[in-house]
Structure formats: C-alpha cells, structure tokens
Amino acid sequence: MMRFFKRLSTRLFLPVGWTLITIMLLCLPGRTIPGEGLFSIPHFDKIVHILLFGGIVFWWGFHLYFRRSDSSKWRKTIVFLAAFSIVLGIVLEFLQLYCIPNRSFDGGDIIADAAGALLAGLYHLYAKVDI
C-alpha cells in the first residue's frame, strides 16, 4: 500500500490538485450544492471538510516525505502544513461569508477543517513509513 502512496505522491499533481479542488469546492455558489442525497444527512458537510483539509496535509506530507533531503526539519514541515491548511480553511470560510453567493460562515466548518489537518499531521508525525 505504501508503494502505491509513494508512486502517487511523488508527483506534484496530486497534492496541488487536491488543494485546488478543495478551494474550488468551497468557492462554489450555494445554489450548485445539492440539498438531497448525501447532502441531506445532518453534518455530512463536516465529514467532507475533515476529508478535504486532512487530504491537503496528508498528500502534501507524503509528497514532501518522499522528496525530502533533510529529515531534521520534518516536524516543522508537518506543523507548517497543518497550520497552512487551518488558515486556508479560515480564509475560505470568510470568503464564503463575504464574497460567494448563497454561502455562509460556519464555525463548525473551521473546527472540522482543523480536525482534518491535525489528524493528518499526527499521522505523518507518528506513523512509521517503511518502503
């Protein structure tokens, strides 16, 4: 499984693509988001936020792990990735509040964004990756 992640994440398109798709999805106008199906499940959006922002840290972490040359800065890199992801989530929430039609600010989304980023960061800090 790790070989698969290594093959995927050594290419830059995956972490960049995941980050851009996350930004794009959170900048969609509210009328484009369906109100039925999975989206009718209470708090389903929080799960999506956890996965999106955890994915940013997860994929960038793998990309940088397999391309790193200095392991002494690894912890700082992961902390930076998690902090960047959390700040991105906060910025996107305020963008939804002020600039995107039919979208609103939700503090619960910021908590979900932070939870996803922190979980992925903890994974990278404490998981043993041997390939």
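Reader: Is cysteine 99 buried or exposed?
Author: Cysteine 99 is exposed, at 55% relative accessibility (exposed is over 50% relative accessible area, buried under 20%, partly exposed in between, with a 1.4 Å probe and protein chains only). Bear in mind that this is a predicted model, where local features need pLDDT of at least 70, side-chain atom pairs count only at pLDDT 80 or more, and totals for chains, interfaces and linings use all residues. Residues are numbered from 1 along each chain as its sequence is written, and side-chain values use heavy atoms, leaving out hydrogens and water.

Reader: How many disulfides are there?
Author: Zero, searching the whole structure; a disulfide here is a pair of cysteine sulfur atoms within 2.5 Å. The cysteine sulfur closest to that of cysteine 99 is in cysteine 27, 8.9 Å away, so too far for a bond. Cysteine 27 is partly exposed, at 27% relative accessible area.

Reader: OK, switching to salt bridges. How many?
Author: Three, counting a side-chain nitrogen of Lys or Arg within 4 Å of a carboxyl oxygen of Asp or Glu.

Reader: Which residue does aspartate 106 pair with?
Author: Lysine 46, at 2.6 Å, N to O. Lysine 46 lies in helix α3 and aspartate 106 in the loop between α4 and α5, so the pair ties together parts 60 residues apart in sequence (helices are DSSP runs of H or I, at least four residues, numbered from the N terminus).

Reader: And what does aspartate 109 meet?
Author: Lysine 46 again, at 2.8 Å, N to O. Salt bridges that share partners join Asp45, Lys46, Asp106 and Asp109 into one network.

Definitions and conventions:
Helices (H or I, at least four residues) and strands (E, at least two) are DSSP runs, numbered from the N terminus.
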